[in-house]
Amino acid sequence: MNAIEMKEINKSFFGTPVLKDVNFSVLPGEIHGLAGENGAGKSTLMKILQGVYTMDSGLIEVAGSPAEISSFQDARQYGIGMVFQEFSLIPELTVAQNIFLNREPTNKFRLISDRSSIAKAHKVLESVGIDIDVTVKVSTLSRAFQQLTEIAKAIAAEAKILILDEPTASLAKHEVDSLFKVLKQLTASGVSIIYISHRMDEIYQICDRITILRDGNLVAVDSLKNLSPQEVIAHITGRKDVEMLSYEGREVDRRSTPVLKVVELSAGDRVKKVSIELHAGEVLGFAGLMGSGRTEILRAIFGLDKVGSGKIYINGEEKTIKNPREAKGVGMALIPEDRRRQGLIMEHSISTNILSANLEKLSHFSFLNFQKINQFSQTAITDFEIRPPEAKREVKLLSGGNQQKVVIAKWVATNPSIILMDEPTVGVDIGTKVEIMKLVRSLAAQGKSIIVVSSELPELLGVCDRILIVKNGEVTDSLERYEIRDEDHLQLMLQGINA
Ligand SMILES: Nc1ncnc2c1ncn2[C@@H]1O[C@H](COP(=O)(O)OP(=O)(O)OP(=O)(O)O)[C@@H](O)[C@H]1O
Ligand SMILES: [Mg+2]
């Protein structure tokens, strides 16, 4: 008997169908992958199962019996728990309080001194081998531990079916490994897991079967043993051959004055005496574990965090950059990791978001030149293949990957000479990842200088001319691209093993 069976599910938004007669089923104790391009309908299908959206037609069965799921509470009754693409934790509450929050909403303040909830939370975590102090505030945890807290929350609600929507987007390799251990342990106790991911290696590492959606249609469901990665990619993209990115040796003129030179920059306790030289047309990568300080280095350079000491030179001239406005003034752009909190205004349209960073540029044109403005955002939408290509659409209605494309489009459109990118392909599908990386290379070819932070090593290896290893807020090594043999080699360097 299937743990979950969804039959002929249909769903439209504003008259546009996004799920068309989709069938989806999950066996007890299996890890079932759900794959497809950005906007294929993965999150929508799962939100229907979770009672967030109502389906237009179709049938849901849980453990063989028809189920009416029209709210979050209903889903919980049926033992369905979901870890969302964006976190639902309350940062100011402790881990224990968050774990029990949804179940006893009226009690949340009593919980503060509730010893039994602390003991219970501890037990939940222990049962799946997660080692977190449940009395600390969630805001003090790393993203990885926040992720695990989200999962613990679902387990505590006694979920029999756990939905994970891109859970590893911000996790480092070893954190992914411990997450996977937890998931395996859960399946051993009969829990079924639905796993949404854009990462092929993960899908093969953890999933038993896979369902693939394309444009709201079911295109394949099979055991992964029967499918090669090429076949999976072909189903996802609908194309036979998808290009992979490989580095082509390029000459960077390092004798010229660096476009950006950072000398012994320190900020807070997360950035320690960092020195960097970045030349015109150069792509520089930051490799490091989660929490190593890569994001903080970018933030300090961009004037987002207060700098303690150190110097920054732009084209040989010393500059003080105290805030992002001054950073923009010297030709920098920062494409942030956290698109929700830092990159986009969710209630605004695609075009408003793209224009927000580009107003000065457009004011060269007459004040109310709508045509120019429309053309400007339409070009960005086309260049970045934003779907659906409707400039007026609110960003919060886009799929996760398309939101990420809007962030990138917005900053690239400001025509900066130095671009700092923090995990630019998080949540972006396989085809689009390659497009974004190609874009990075074409920007470099136009003479722009780029720093890329990425936890996906193949990506760094595909685009960077040089890679810095960041550890504990310090740059511990600098490697020319040709010095790095392959991904395994870089992985070892990251872990501090000199190979
Ligand atoms: N609330 C909504 N209102 C209108 N359209 C929506 C809404 N939610 C999703 N959509 C649209 O439905 C389609 C499917 O979106 P969905 O979020 O399910 O994609 P996804 O497969 O999860 O993609 P991603 O990999 O980018 O997360 C997209 O075209 C999206 O723009
Ligand atoms: Mg999604």
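The protein is divided into domain 1 (4–237) and domain 2 (280–306 + 319–494), with bounds that come from an automatic or database domain assignment. In this predicted model, local features need pLDDT of at least 70 and side-chain atom pairs count only at pLDDT 80 or more, whereas totals for chains, interfaces and linings use all residues. Residues are numbered from 1 along each chain as its sequence is written, and side-chain values use heavy atoms, with hydrogens and water left out.

The C-alpha centres of domain 1 and domain 2 are separated by 28 Å. Contact, taken as heavy atoms within 4.5 Å, links 22 residues of domain 1 to 24 residues of domain 2. About 1700 Å² is buried between domain 1 and domain 2, 56% of it on carbon and sulfur atoms, where buried area is the accessible area (1.4 Å probe) that two parts lose on being put together, summed over both.

Across the interface of domain 1 and domain 2, 1 salt bridge is found, the criterion being a side-chain nitrogen of Lys or Arg within 4 Å of a carboxyl oxygen of Asp or Glu. This salt bridge pairs R199 with E456, whose closest N and O atoms are 3.1 Å apart. On the side of domain 1 that touches domain 2, the elements giving two or more residues are α5 (143–156), α6 (173–188) and α8 (229–237), helices here being DSSP runs (H or I, at least four residues) numbered from the N terminus. The largest share of that side, 3 residues, is supplied by α6.

How values were computed
Chains lettered and ligands numbered in written order.
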